[in-house]
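Dear colleague,

I am handing over the structure below for you to look through. My notes on what was found in it follow directly after.

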Amino acid sequence: MDINIKEVAVYLRKSRDETDGKEDVLAKHESLLLEYISKNNLKYKIYKEIGSSEHIDSRPEMLRLLKDVEQDLYDAVLVVDLDRLIRGDLEDMGRLSRIFRDSNTVVITPTDKVYNFNDDDQSLINNFEMVFANHEYKMIKKRMLRGKKQGAKAGKWTNGTPPYPYVYNRITRELDIDSNKEKVYNLMKKMFIEDMKPAHEIAWELNKLGIKTSKNADWHENSIRRVLTSEVHLGVIVYGKTTGNSRKNKPNARGVQVKERTEWIVANGTHQPLKTEEEHQRILTIIESRRILPKGSRTNIQVLSKLLYCGKCKRARSFISKPNGKVYVQTCLMADRVGNRCKNRGMRVEIIYAQLMFDLEEYEQQLLNSEFQSKQDDNSTFQLVLKNKQEELNQLATGMDRLMDLYIEGSFDKDQLKARMDKLQSQIQDKKCEIRSIERSIALADNERTDEDRLQAIKKFKEAWNTEDISRKELNTLAKEIIDRIELIREGNNVDLNIQFF
Ligand SMILES: [Zn+2]
């Protein structure tokens, strides 16, 4: 601020479109302006308009203000925006700019904008800006809904947490740049565009350096890519990209849908750009070129797809078909958050098949010999026990009648009867509990996959295995019926294969 400003008039007015809002706009503006005043240590007087008329003559506080300005009481008039003073009426505008010019009073805003009506070059801008603001206002009102969209159109930030390295300035409603984060952003951009590093490697580098995202989380491939492709860094503000609501706790939320690009509102932001259009295009081109996947990688289903896991990092292993037709388990390249690869080695898939067939044979024998029989026995034993228990229960129930007979015969007195009845009651309760527990066991056994099912699945798999021309996909489906999980660890020539059947 090159003008020496000490005494200011604070002018507050609601605009017409704010009158029916729920929040108190005037109070909000007042606190904003007072904050500015105390920060800059200014002397002030407040002019607060209660009505919301656009025309100067129907605004009593405005008339009072202009009179005071005319008498040169202030160095400046502080408003939230220029359009608080005036909106578009050319006659009013001429009157106002004359008063401000003659008294050598400037208009200032909390964003440190200074409108000097004595500066010829600037007065042109002032006039233009006033007309433009009004025109813009009308256009926005006509074309769009209120609130957010107006903000976006005016270059204000309305989209929540801004992308790294921007930070939201609540006073100006604009985006500022965090200078430390800006260094990180530039490093990110350099690694991607110049060093041609893939997004996941950039994430590892940043995590290694202990750098966090705007939400204080570790970086991931996707968060890097989102920051790099954002158009906000071009200096624009995009609003209305999506429709719908993603909030999970909202019932009937349809989720977020991305709208056609032509429906987006792209406005020039008031924030500083951090990349050129050329850099932006370069980033998009690099991402697009990497999107092309190696041929057939999506349909490369192997017999043990989604069944073979890494014994070290526990994640699924992938397969690779060599030109000679041989299939290998790939070295595990899973990375932790700083990019340390697991590097558990792979091998020819035939080695696993051999072990699988061997283990499967053993498992089948086990099922055939002992388990199968004993489980069958178990169940018939349960049935027998259940039958006995039910008979015992019936006997206990008839015991009640017997006790009554004995009492009537005079074999024992009333107290003895009661003691015996209580004892019998508790015996009946215990018996009922036993029966329920056995019934549960039987129900569970019935629901369980029986060994017979297992043997059937093994038989099917073995048949398919020995069928010529069977597809790997079919074998994979059948394998999933018998194998729960295979874990593989290879250290040098030591192979540890752990096959778990269902
Ligand atoms: Zn691994």
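Is Cys-310 buried or exposed? Cys-310 is buried, with a relative accessible area of 0%, where buried means under 20% relative accessible area, exposed over 50% and partly exposed in between, computed with a 1.4 Å probe on protein chains only.

Before the rest, please note that this is a predicted model, in which local features need pLDDT of at least 70 and side-chain atom pairs count only at pLDDT 80 or more, while totals for chains, interfaces and linings use all residues. Residues are numbered from 1 along each chain as its sequence is written, and side-chain values use heavy atoms, with hydrogens and water left out.

The zinc site

The zinc ion has as its protein donors the SG atoms of Cys-310, Cys-313, Cys-332 and Cys-342, at 2.2 to 2.4 Å; donors are N, O and S atoms within 2.8 Å of the metal (3.2 Å for Na, K and Ca), and sites may look incomplete since water is not among the atoms. The angles among the four donor atoms run from 99 to 118°, and the site is tetrahedral, a label given to four donors if all angles lie between 85 and 135 degrees. For reference, the ideal angle for four tetrahedral donors is 109.5 degrees. Along the chain the donors follow the spacing C-x2-C-x18-C-x9-C. Cys-310 lies in strand β12 (residues 308-310) and Cys-332 in the loop between β14 (327-329) and α10 (349-409), so the pair ties together parts that are 22 residues apart in sequence; helices (H or I, at least four residues) and strands (E, at least two) are DSSP runs numbered from the N terminus. Cys-332 is also buried, at 4% relative accessible area.

The aromatic rings

There are five aromatic pairs, counted when ring centres of Phe, Tyr or Trp (its six-membered ring) lie within 6.5 Å, with planes under 30 degrees apart called stacked, over 60 edge-to-face and the rest tilted. In one of them, Tyr-353 and Trp-465, the ring centres are 5.0 Å apart and the planes at 80°, so the pair is edge-to-face. Tyr-353 belongs to helix α10 and Trp-465 to helix α12 (residues 451-465), so this pair ties together parts that are 112 residues apart in sequence. Tyr-353 is buried at 12% relative accessibility, whereas Trp-465 is partly exposed at 25%. Phe-461 and Trp-465 have ring centres 5.8 Å apart and planes at 35°, so that pair is tilted. Ring pairs link Tyr-353, Phe-461 and Trp-465 into a cluster.

Best regards

How values were computed. Tetrahedral: all angles 85-135°; square planar, octahedral: opposite > 155°, others 65-115°.
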